[in-house]
Amino acid sequence: MTSGYTDYKRLKFDIPADRILRITMDAPGRLNAADAAMHDELGRIWKDVEADPDISVAILRGEGKAFSAGGDFEMIGEMIDNFETRARVWKEARDLVYNVINCSKPIVSAMHGPAVGAGLVAGLLADISIAAKDARIIDGHTRLGVAAGDHAAIVWPLLCGMAKAKYYLLLCEPISGEEAERIGLVSMCVDEGELEETAVKTAQKLARGAPSAIRFTKYAMNNWLRMMGPTFDTSLALEFLGFTGPEAKEGLASLREKRQAQFDPNSNL
């Protein structure tokens, strides 16, 4: 592993096997919620993986009891109140999606506990996504009062079909790892006790494979996602437009106060 990973604060790194970089999201006491530092790091790590000659495969996981618990409330509040913050986070969210897609090296995700927000973006865009059976996958955008931007429009309909994608994205219904595998949202699910070992073994198989053949296959297949780039760009723009309106303010307040949101039913947009 090169020295290029020393400036990360919320991501930790280790080498569980030859030519495999394991990336661990680590925000102690916050269930790995993505604050400003982690949101930035999740967007740029994939370019460092791409540039590292000693790494063939990356694994993404979460420390402790969660994969990632979504967006940090403080950062969301700043996005609502401040244009510069919105613009910065919009760019990071765009870069996260496209950098995962364009990283030539295969990425494996190992999801357990809550899997929400920016962590879920990389988790579901990973080339091989592995979930614990009792993981709780949630796209919580409409619950917050903004459009399901991030990765949802670019990949959910392709993975599980339009009907299921709309059901889960419009209602913010949680999905267990077992159900996610059943509907095709993730590659596989395993018992939580087997998750880490399965992720490493899968990464080892990839690392032992023909590098060019695997990377060329990823590149070609990800053209499905690149073709959906305009749809993703629209969804992300509409998400960030939503942060300027009253629904995001009410959504954030209700989450902070742990109550049901009271959105205006007469909105005619």
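The largest pocket of this predicted model has a volume of about 800 Å³, and 35 residues line this pocket, of which Ala69, Gly70, Gly71, Ile76 and Val116 are the closest to its centre. A pocket is here an open set of points, on a 1 Å grid over the protein atoms alone, with protein on both sides within 12 Å along at least five of seven lines, and lining residues have an atom within 4 Å of a point. Grid points are joined across faces, edges and corners, and a volume is the space filled by probe spheres set on the points. Two or more lining residues are given to the largest pocket by each of helix 2 (73–81), helix 3 (83–102), strand 6 (114–116), helix 4 (117–125), helix 5 and helix 12 (229–242); helices (H or I, at least four residues) and strands (E, at least two) are DSSP runs, numbered from the N terminus. By class, the lining of the largest pocket comprises 21 nonpolar, seven polar and seven charged residues, where Ala, Val, Leu, Ile, Met, Phe, Trp, Tyr, Cys and Pro count as nonpolar, Asp, Glu, Lys and Arg as charged, and the others, Gly among them, as polar. Residues are numbered from 1 along each chain as its sequence is written, and side-chain values use heavy atoms, with hydrogens and water left out. Because the model is predicted, local features need pLDDT of at least 70 and side-chain atom pairs count only at pLDDT 80 or more, whereas totals for chains, interfaces and linings use all residues.

The second largest pocket holds about 490 Å³ of space, and among its 22 lining residues Ala126, Asp127, Leu159, Met221 and Asn222 are the closest to the centre. At least two residues of this lining come from each of helix 4, strand 7 (128–132), helix 6, helix 10 and helix 11 (223–227), with helix 10 giving the most, four residues. The lining of the second largest pocket divides into 15 nonpolar, five polar and two charged residues.

A cavity is a set of points where a 1.4 Å probe fits but cannot get out, and the count comes to one cavity of 30 Å³ or more. The largest cavity has a volume of about 50 Å³ and is lined by Ser56, Pro106, Leu206, Ala207, Gly209, Pro211, Ile214 and Arg215. Helix 9 (192–208) and helix 10 (211–221) are the elements that give two or more residues to this lining, and the largest share, three residues, comes from helix 10. Five residues of the cavity lining are nonpolar, two are polar and one is charged.

The loop between helix 5 (141–144) and helix 6 (152–160) contains His151, and Asp150 lies in the loop between these helices as well. His151 has a relative accessible area of 1% and is therefore buried, the term buried meaning under 20% relative accessible area, with exposed meaning over 50% and partly exposed in between (1.4 Å probe, protein chains only). Leaving aside residues up to four places away in sequence, His151 touches Val97, Leu120, Val121, Leu124, Leu125, Asp139, Trp156 and Phe232, contact meaning heavy atoms within 4.5 Å. Asp150, at 11% relative accessibility, also counts as buried.

Most residues other than glycine have a negative phi. Asp150, however, has a positive phi, near 45 degrees, and Cys172 has a positive phi near 55 degrees. Cys172 is placed in the loop between helix 7 (162–171) and strand 9 (175–176) and, at 13% relative accessibility, counts as buried.

Five aromatic pairs were counted; rings of Phe, Tyr and Trp (its six-membered ring) pair if their centres lie within 6.5 Å, and planes under 30 degrees apart count as stacked, over 60 as edge-to-face and the rest as tilted. Tyr5 and Phe13 form a tilted pair, 4.9 Å centre to centre with 40 degrees between the planes, and both residues are buried. Phe240 and Phe243 form an edge-to-face pair, 5.4 Å centre to centre with 65 degrees between the planes; Phe240 is buried with a relative accessible area of 8%, and Phe243 is buried at 3%. Ring pairs also link Tyr5, Tyr8 and Phe13 into a cluster.

Charged groups are found over two further rings, as follows. The charged end of Arg94 sits over the ring of Trp90, 4.8 Å from its centre, and that of Arg226 sits over the ring of Tyr219, 4.2 Å from its centre. For such an arrangement, NZ of Lys or CZ of Arg is within 6 Å of the ring centre and within 35 degrees of the ring normal.
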